Amino acid sequence: EGTGSRAGYSVARRTRCNLGSMADAVTSTLASISQSLGAKQKELGLGDVNELVKKLDADGQSLKGTKDSSGVIQALGGMRAAVLKAADDPSKLMPAGSLAGPGVALKAASQLLSAKQSAMGLDKVADFAKQLTLAEVPQDGLLAPARDAVTAVEDALKQAAEPAKLIVSGRGSEACAAAFREASASLDAELSRLGFGDLTAKLKVPEDSEVSLGGLSNDLLQQLKDLEKLFEDAVKNPSSMSPGGCLAGCGKWYAGRICSKFQALQKELAGHIEALPDVAGKVESQLKAAFGELKDALQKLSAMVEGAADVPKSMLGMAGSIKSLDDVLGLDIAALQKSADGSAVSSVLDSLKAVQEMLQKAVQMVKDFVKRISTYSSSALRSVESALKPPAPCMPSVGASPSGAALMKHLAMLTKLDLSEVTTKLEDVSTRIGSVDGEVRKPITEYSRSVSDHVGKLDGVVQVSRTVAKAVAQVKENLQGLSVENKELAKHVEDQGGNLSSKCVGIGSTMKDGSSKLTATVQRLVNLPSDLDRMADSVDSIDDVLKVDMAPVEAALDVSPMDGALDGLSKAHEELAQSMASISGLVTKLNGYASQGPERVKGAFNPLLQCCPESEQPPGMTALLEKFQLLGKLDLQPVIAKLEPAKRSLEGVKAESFRKPVDDYANEASSEIKKVHEELSYVQKMSEAVTQVQTNLKNEAREATAFGVKVTSMTNDIHKGLPVVADSILGSASTMKGTMSELIAVPGKVGEMGKKVKSMKDVAKLDTKPLQKASDVSALHESLGRLDTAAKDLSQMTGKVGESSEKLRSFTADTPSRLRKAFEPTVSCARPGAEDPPALTALLQSTGALDKLNFSALEGRLTSMTAALGEGGIGKIRAPVSAYADSISGEVKRLSDAVAACKAASEAAKTVKQGADAVGNFLESHNLPHMDMPKMPW
């Protein structure tokens, strides 16, 4: 029940049947346990054991009351009490009939007024007042049905605004999220097909790709300067170039010849030296710019590749972020298209061509300068060799001069200048740059088109979801407007309910107070005959007569409070009629609101209905329409019916129908009360004669007390321990009774548990702790031990009772004569022919019982109790109780196992039901064919 799919309902229905069978099994187990334990009770004779425990309790109670069973102390105390009681009752200290006058007068007044009540109609007034007192005005929850109905609409409005209640199948955030996940998976496959994983590695700038001429240009510059120094030294000191031997004398001629040539070579060399930094700087600047452009272009291409590769992840992330239609409103679809935009690829690749041209230009500049230096070095080497050549073949070669040899060696080294390592490396980089275009342009362009296609489709899905989301937002706003109006209506109902309750409280209070005063006034008059009759019956002594209080009788004759009560009840009748009319008005208002509700609900849901198929309605709308239908069926007639009895009671209140019979009866009673006052004054003359008799009796009571103290001192040792033993027996018996009661009640409790088990919920509520508690009989065993001790104590006391029997034989026989002497004052004052005072006669009769007192009853009771303790102890109680407690423990274990199995099955069933719901919801949400679930082997 309550599942969201047909398949889920199919499984849940079968699960419920199987669980019901298991609940029935628990019921059978409980019935079996109840029967088993009942049979075990009979087998062990537990009923006989229980009767034995009850008898033990009765014997203990009896023993507790036998501590004074000898009657000695009681008799002496009774005599003393009788004497003192006689002294406290003056009416019995005088001859009988002395107090008859007041009673006769009170009886006569009672009989007369009782007859007048019916004749004057006072009994009818009393009956009506009593009915008015019984009339109740309901106060709390009068408009609770209306409040609950309006609150139900409010709750339905809140639930209808929940996302799950607004969206129909296929129009929610789940469908949008699924589209994003599908697009992400498709683009992931496209990335693999186009080989985007390899592109990232190809677009990395090689760590050894950068080339710098800084060190090479400095070395070359230093070599050129060294050559310049050699030329400079030769020009300054031409003789260093002179050969030895026969040409030593031709130094001047030789110097002139060398200087002119070396100066020309030195000047040309200076131009090369001057040009070298400029050429190197231009090449270095060209390389720096080229490699900077290269890095920037490759980074841009890498960013494009990475951005394109991140599109599926972004789509998957967007799918994960869509928890509701509100999340769809914040999706940035344009960012996805921008991430895979391939339009900028061409411009970046064109910039790489420019980098390639810059590198080629730098290579050419390096080659040109190398060629320049090589050409100069070769030409200079020939010029130097020519200048240093001897004028005649017979002359020695200049090679014999160290300076000349160094100069020619330096020039020969420069002719072999080689910077091909730099140029080759730069040419390799240029070639690699040229291959990037073919590797990158096509994959990025194709992937960008694919992303555009998917983004276009997603944009359509998002636009639909956004349309639904906006419709949901509008519906929520419309529902909020309805909720505001409904809350105002709810407040109106609540306020009117509070006002109605407040008025009813006031009306009820007025009725209670008015009817109470009216009833009290009438009831005092109605009760007057019985009050007088009770007063007549109570005047048996002088003190009774003197204590007669006529103030309540006089108060009963005052009927003035009745007027205010009648006015209040009339006003209460008017207010009650107005309250009943207001309830009818509220019903009319609620019916009007309910009749307009369906159209207004449809209007509130209209934006969403336009986005949904005509055959579907949002679940919240359906539930809300049902609540308005229930509100339209609201009936407050039962509330009005509850107030109708009070209204009818108040309609019968009329002042004149109450006032006249009450006033007439009060006047009649006043004349009778005057006669009673005359008779009461006579009795006061009899009190003086009684005072002396009271003093004499108190002296006699002191005599009896002194004798009683002597007898008590002899028996104190016997009775000191007896209450302790009796309490021990009673305490043990009480504990045993409780234990036996719980044990005997176990089968019945188990049977009742079985009757209550109707479903798995009932099984879950089963509590076996009371049964486990009943099986604990340790307290009973402790009580049996205490009874053994009590039996020993009683045996010792029985022997001591006999010792006190002989001490009760010396009571004097002059008590009757002393009593007669004490009553002489009242007897002498009595009227002629009067009998002895009743108290004197009673006291003389009570003294004859003192001669028959003894302790034999107490001694026999103690002996009987000692035997009962031995007979009803351990042997007949402990064994059957222990055996039955063990049986209960075993059955509790069997019941606990069955309950645990049911609870485990219930939890498993919940899990199966949740799974079935999930499967069913999935099939239906994806429009798949319905698949009935197979029956599961629980």
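Trainee: With which residue does the side chain of Asp 836 meet in a salt bridge, and how many Å lie between N and O?

Mentor: The partner of Asp 836 is Arg 820, and their side chains meet in a salt bridge at 4.0 Å, N to O. The term salt bridge denotes a side-chain nitrogen of Lys or Arg within 4 Å of a carboxyl oxygen of Asp or Glu. Asp 836 sits in the loop between α29 (824-829) and α30 (838-847), whereas Arg 820 belongs to helix α28, so the contact ties together parts 16 residues apart in sequence. Helices here are DSSP runs (H or I, at least four residues), numbered from the N terminus.

Before going further, please note that this is a predicted model, in which local features need pLDDT of at least 70 and side-chain atom pairs count only at pLDDT 80 or more, while totals for chains, interfaces and linings use all residues. Residues are numbered from 1 along each chain as its sequence is written, and side-chain values use heavy atoms, with hydrogens and water left out.

Arg 818 forms a salt bridge with Glu 700, with the closest N and O atoms 2.8 Å apart. This pair links distant parts of the chain, as Glu 700 lies in helix α23 (residues 687-720) and Arg 818 in helix α28 (residues 815-822), 118 residues apart. Glu 700 is buried, with a relative accessible area of 7%, whereas Arg 818 is partly exposed at 26%.

To set these contacts in context, the structure holds 12 salt bridges. One of them joins the side chains of Arg 600 and Glu 485 at 2.5 Å, N to O. Arg 600 is in helix α19 (residues 562-609) and Glu 485 in helix α16 (residues 420-538), so this pair ties together parts 115 residues apart in sequence. Arg 600 is partly exposed, at a relative accessible area of 34%, and Glu 485 is likewise partly exposed, at 27%. In general, side chains of opposite charge can pair when their charged atoms come close.

Terms used: Helices (H or I, at least four residues) and strands (E, at least two) are DSSP runs, numbered from the N terminus. Buried means under 20% relative accessible area, exposed over 50%, partly exposed in between (1.4 Å probe, protein chains only).
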